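I opened the model to look up a few residues and elements. My entries follow in the order of looking.

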Amino acid sequence: MRTFRILLSKELRSFFLSPIAYVVLALVMLFNGVAFYASVRILQTAPSEGSLVTWTFNSPWFYLSYFTIFPLITMRLFSEEQKLGTIETLLTAPVRTTEMIFSKYVATVIFYCVLWLPSLLNFYVFQWITRGMADIPTGQLIGSYTIVLTMGLFNIAIGCFASSLTKNQIVAAILSFSMILLHFLLGAFMLYLSGQSNQQYAELTSYFASIQHIKSFASGLIDTRPIIYYLSFTALVLSLTHQVLDFRRWKV
Amino acid sequence: MIDVKNLTKRYVGRTAVDNISFEVGQGEIVGFLGPNGAGKTTTLRMLTSYLPPSSGTVSIAGFDVFRDSLKARKQIGYMPENVPLYEDMRVKEYLYFRAKLKGLSGKDMRERIGKVMDRCGVTDVRKKMISSLSKGYRQRVGLADTLVHSPQLLILDEPTNGLDPNQIRQVRELVKELGQDHTILISTHILPEVEATCDRVIIISEGKVRASDTPQNLVNRLRTAGTISVEVKADPSAAADKMTRIVGVRKVAKDSVDEDGWCRFTLRVEASSDVREELYNMAIANHWPLRELARHHATLEDVFVEVTQSEQV
């Protein structure tokens, strides 16, 4: 546990002392700001079914940040250690591979949460400047941020996995981007299929379709199935990462 | 201190380390030599538990590096080749991070870090970013890291790689000094360093141990150790004939004869015998003017070349 804490604080430190962190933070703030502004515009022009929250989380700008964040914050994790060779000094010190992986993973999750904080503030600031006139349903807010966090856990695990595969950060970024996009498209495709044909796909679809998850959570419906789905896949992908890093050393 | 038994590392289609066994005793300074690609780094990585062996066992201070890995690692200060360091940290920060990882804390840690920074000469750069350090300083920071938890065993993979002659001398002094209270396994290509500092030498080539002995014994066993060169003014064939008859001389080779009548010979003698006195007396007795009489001291370099290029000594 002590080793984990030492590694975690080192990882957090290298996140917050690197320029990349602030570039990503600025980018995400910009995307979220635009998404928020777009949803305010929609509600301004005509009466609409959705609320400020549902429109924000259905905006293309939200998806833009969703696809760019993960490769940017995870590409460095293991690739850099492998490139510099510091993974050798790290793993010949009394450090377990699991401790190394978890410290990097948890640090990235913490940074990810920090990235989303400003967007949460947007809603409160808006409510404050409109003197409580704006209707911001708390349930939808809780739902939205729950799904953003759970999908984040899953996608960061994918990013870790991609980064463990290569020494090259660019390759790691492209790999994780492709994997996250593929998962997303697979969900969208399943959704399309279930709309097209028989009912038997519909059940399966509810597990894969990220769009559907975002929509239902953003309207305040907290469904435990996707949460379990994402968390169990997170565990799977992290254990794969462990396998890759150990296998690299075995190289039979 | 180190006990290696039948250690083997196989990669797909290639055996990097082939069934090697050796021991390193407490307090020894051992030079680990071999040509590039001989399997030195692979072996050192297995000793430090970075690479798992395909078969065989390694134990460090009684701990198996595979089964008791964390305990074994605590006994080792390992400096990998090319000294990997985190570029985005300051020197002091890096050493604190490493010391904490290796289980130090509090006042003890602060004192220890101060001591190793002084010892390795990095106190004046302690606030600099590692990315801005020169090669020599990076090497010293790496060395400070290996020493920080006062390990019993130091494993240094080419610590003098890329340093200038002054820095190499400093590292040699430091290694000698450290050798008083540490066991050291050091891999290097700079053979005079090894001769000057190491108690024992292990030479490996193509994944096998080719020789393991003190530098002096290795040199003595070498064929080229028994060479004497003589330059006299005499009739070449008569002189050669007479010299061949001296006890202990195996072979006389005539190198050159110049127009003034000076002949050069190279005599191959038994490794243990020194026939220079007989040669001198023979020259006096035959009235041969003598202008050179020298015994060649073979160096570890000769041993290295012979061992790694041909069969076993």
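**Entry 1: a glutamine in chain B.** I started at B:Q170, which sits in helix α6 (residues 165–178) of chain B. Helices here are DSSP runs of H or I with at least four residues, strands are runs of E with at least two, and both are numbered from the N terminus. I noted that B:Q170 is partly exposed, because 18 other C-beta atoms lie within 10 Å. The cut-offs are 20 or more other C-beta atoms within 10 Å for buried, 12 or fewer for exposed, and partly exposed in between, with C-beta atoms placed from the backbone. I also took the C-alpha separation of B:Q170 and B:C120, which is 9.5 Å for 50 residues along the chain.

**Entry 2: provenance.** I am working on a predicted model, where local features need pLDDT of at least 70, side-chain atom pairs count only at pLDDT 80 or more, and totals for chains, interfaces and linings use all residues. Residues are numbered from 1 along each chain as its sequence is written, while chains are lettered from A and ligands numbered from 1 in the order in which they are written.

**Entry 3: a leucine in chain A.** Next I went to A:L238, in helix α12 of chain A. Is A:L238 buried or exposed? A:L238 is buried, because 20 other C-beta atoms lie within 10 Å. Leaving aside neighbours within four places in sequence, I found A:L238 in contact with A:I101, A:Y105, A:A157 and A:C160. Contact means C-beta atoms, placed from the backbone, within 7 Å. From A:L238 to A:S65 I read 23 Å, C-alpha to C-alpha, across 173 residues of sequence.

**Entry 4: cores.** I then looked up the largest nonpolar core, which has 123 residues. Such a core is a set of buried Ala, Val, Leu, Ile, Met, Phe, Trp, Tyr and Cys residues joined through C-beta atoms within 7 Å. The residues with the most contacts inside this core are A:A157, A:C160, B:A144, B:I155 and B:I184. Helix α8 (residues 138–165) of chain A gives the most to this core, 13 residues. Another core lies apart from it, with 16 residues, including B:I228 and B:M282.

**Entry 5: helix α9 of chain A.** This helix (residues 169–196) has 28 residues and spans 40 Å from first C-alpha to last, close to the expected 40 Å. The expected span is 1.5 Å times one less than the number of residues. I listed its buried residues as A:A172, A:A173, A:L175, A:S176 and A:I180. They pack against α4 (60–74), α5 (76–84) and α8 of chain A.

**Entry 6: the sheet in chain B.** I traced an open sheet of 4 strands, in the order β2-β1-β4-β5, with antiparallel pairing. Strands pair if DSSP finds at least two bridges between them. Between β1 (residues 2–11) and β2 (residues 14–24) of chain B I counted 7 bridges. B:V4 has its bridge partner B:F22 in β2(B). In this hairpin, B:G13 takes a positive phi near 75°. Strand β4 (residues 55–60) of chain B joins β5(B) through 2 bridges, and B:I60 is partnered by B:F63.

**Entry 7: the interface.** Last, I checked where the chains meet. The contact takes 19 residues from chain A and 23 residues from chain B. On the chain A side, α6(A) gives the largest share, 5 residues.

Terms used:
Two residues are in contact if their C-beta atoms, placed from the backbone, lie within 7 Å.
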